[in-house]
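Please read it alongside the sequence and the structure shown here.

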Amino acid sequence: MIKTNWHTHTNRCGHAVGEDEEYVLAAIQGGLKTLGFSDHAAYEDPYPPERMDISEVPGYFASIRSLQEKYKDRIRICLGMEVEYYPEQWHVLSSYRRELDYLILGQHNVYYDRVSAYAINDGDTLHRYVDMLEAACERNLCDYIAHPDVALYGYQRLDGSVRECAARIADISLKYNMPLELNTGSGVHRGMHKYQDGMRYAYPTRIFFEEFARKHCPIIIGLDVHDPALFLDDTDLNRALSVIADLDCNILEDFDLVEAAKKRKALFR
Ligand SMILES: [Zn+2]
Ligand SMILES: [Zn+2]
């Protein structure tokens, strides 16, 4: 198991199990030295779904901060969120940026109220998804890009647009010194799917990492944990690593995202 994980959810999102403290105890048992909580950000409207209500945010902050103190001699706990770039919710995002140790960008919708990243199946929309990632980086909203290839979840043929978008994301990573995540979450946990051009995991996707490796982009492994038991099982990690087998990826081990976030927060407006 890896020693540092910045991508951890809580049951507030509605699709994770276990209490906050169970995540901490499992992470300690699994040998983690740094545990970053990054539950899905809440926004003012009930959309997009599968996230805590905005009224639950203070309780999330208080719970993780108290665990941080309680377990400080055994594990370093950091408090973050997984956010999307939604200009309509900038005031909410700004408050998270100021308050939290770090933010990761997991762009689940292309627009605030429509077009799920899981439903993209054409080049134009895929490019629009990349536009959102770029805008988030340009505005210093995030400290790494979670599952940059999540937009390939429903993409049926890995065509030229996929390679173009992978190259664009690699260039964004280099321009903003932005780490990209190798995600070991549900994209591999659910096994391979049959697409029109063959079998593959929903994500991570090898074409993306071919471009990231070629350009030597910084990569961070993120467990995207929605169940404490997954801190004790390397199956999904090994599946994700099999996708990038033989690629010369620049994987950063034990990268300090909180230190990196301090610099970006100073530039955040
Ligand atoms: Zn989730
Ligand atoms: Zn996540």
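A residue counts as buried when its relative accessible area is under 20%, as exposed when over 50%, and as partly exposed in between, with a 1.4 Å probe and protein chains only. By that criterion, 58% of the 269 residues of the chain are buried. The model is predicted: local features need pLDDT of at least 70, side-chain atom pairs count only at pLDDT 80 or more, and totals for chains, interfaces and linings use all residues. Residues are numbered from 1 along each chain as its sequence is written, chains are lettered from A and ligands numbered from 1 in the order in which they are written, and side-chain values use heavy atoms, without hydrogens and water.

**Fold**
- The chain contains nine helices and twelve strands, which are DSSP runs (helices H or I, at least four residues; strands E, at least two) numbered from the N terminus.
- Of the contacts (heavy atoms within 4.5 Å) between residues at least 6 apart in sequence, 77% join residues at least 24 apart.
- Along the principal axes, the C-alpha atoms occupy a box of roughly 50 × 40 × 30 Å.

**Zinc site**
- His15, His40 and His226 each coordinate the zinc ion (ligand 1) through NE2, at 2.0 to 2.1 Å; donors are N, O and S atoms within 2.8 Å of the metal (3.2 Å for Na, K and Ca), and sites may look incomplete because water is not among the atoms.
- His40 lies in strand E2 (residues 34-40) and His226 in the loop between strand E11 (218-222) and helix H8 (235-243), so this pair ties together parts 186 residues apart in sequence.
- Both His40 and His226 are buried.
- A distance of 4.4 Å separates the zinc ion (ligand 1) from the zinc ion (ligand 2).
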